[in-house]
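Please look first at the sequence and the model shown here.

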Amino acid sequence: MSDRQMSDSSYTHLIDVGIENVDIAEWLFSLPDAEYQRCSPDHIAAGATWADDGRRTSIKVETIGGSLVIQHYIAEVARPDYCKMVSISDVLTAHGRTKVQVIWELSAKAIDAGRCEYTNHVRAFATDEFLAFCEKNNINLADAAKTRQEASSAHNKGETPLFAESIARRAREKHDVAA
């Protein structure tokens with residue numbers, strides 16, 4: 001981990017859909033709010049918009065480790081098999097509001113003709129604002145990172161299979177593929 005990296009969590013889930021039918025970018029940017037909420041009890045809201053420079057943006061609101069997190073993910077890469085999303089996320093904690101950078105990578109790779117493996121990889125990094133927030137509130141960065149790692153890992157472990165199955169359902173509906 002870099003000196004600013006606070007968490008790194010990656011989980012996979014096999015789905016019974018061929019890679020040629022999977023479109024993670026389409027799923028991500030058309031994900032209904034209710035479906036996002038079904039993917040975790042910690043998910044509050046989801047939406048999609050555009051950044052000022054025209055890049056696709058996914059807005060996610062959720063709780064992680066007891067903090068409310070509003071993520072403004074901007075697509076750096078948005079392909080059917082891989083999306084790299086980067087957010088300077090607002091975090092509302094018991095000590096006040098701050099920001100962290102979150103990098104979310106969603107990917108799928110073929111296993112065989114009818115199955116693929118979905119990977120949900122999330123990393124969080126301290127921003128300058130977060131470092132100042134820790135100093136102001138007498139929070140040890142290593143302790144904050146340990147707490148974030150535990151919370152993010154638990155959250156990711158729960159949402160990954162549900163995201164994967166949601167992507168699979170979308171692929172089956174779009175391509176009329178049997179389960």
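This is a predicted model: local features need pLDDT of at least 70, side-chain atom pairs count only at pLDDT 80 or more; totals for chains, interfaces and linings use all residues.

Residues are numbered from 1 along each chain as its sequence is written, and side-chain values use heavy atoms, with hydrogens and water left out.

The chain contains 4 helices and 7 strands (DSSP runs, H or I of at least four residues for helices and E of at least two for strands, numbered from the N terminus). Their order along the sequence is β-α-α-β-β-β-β-β-β-α-α. The C-alpha trace spans about 55 × 30 × 25 Å along its principal axes. Of the 179 residues, 45% count as buried, a term that means under 20% relative accessible area, whereas exposed means over 50% (1.4 Å probe, protein chains only).

Helix H3 covers residues 128-136, and its buried residues are Phe130, Phe133 and Cys134. They lie on the same side of H3, because the arc they cover around the axis is only 100 degrees (taken from the directions from the helix axis to the C-beta atoms). What covers these buried residues includes strands S1 (5-15), S5 (82-93), S6 (96-112) and S7 (115-126), together with helix H4 (141-175). The face of H3 turned away from the buried side carries the exposed residues Asp128, Glu135 and Lys136. After H3 comes Asn138, which has a positive phi, near 55 degrees.

Terms used: Contact means heavy atoms within 4.5 Å.
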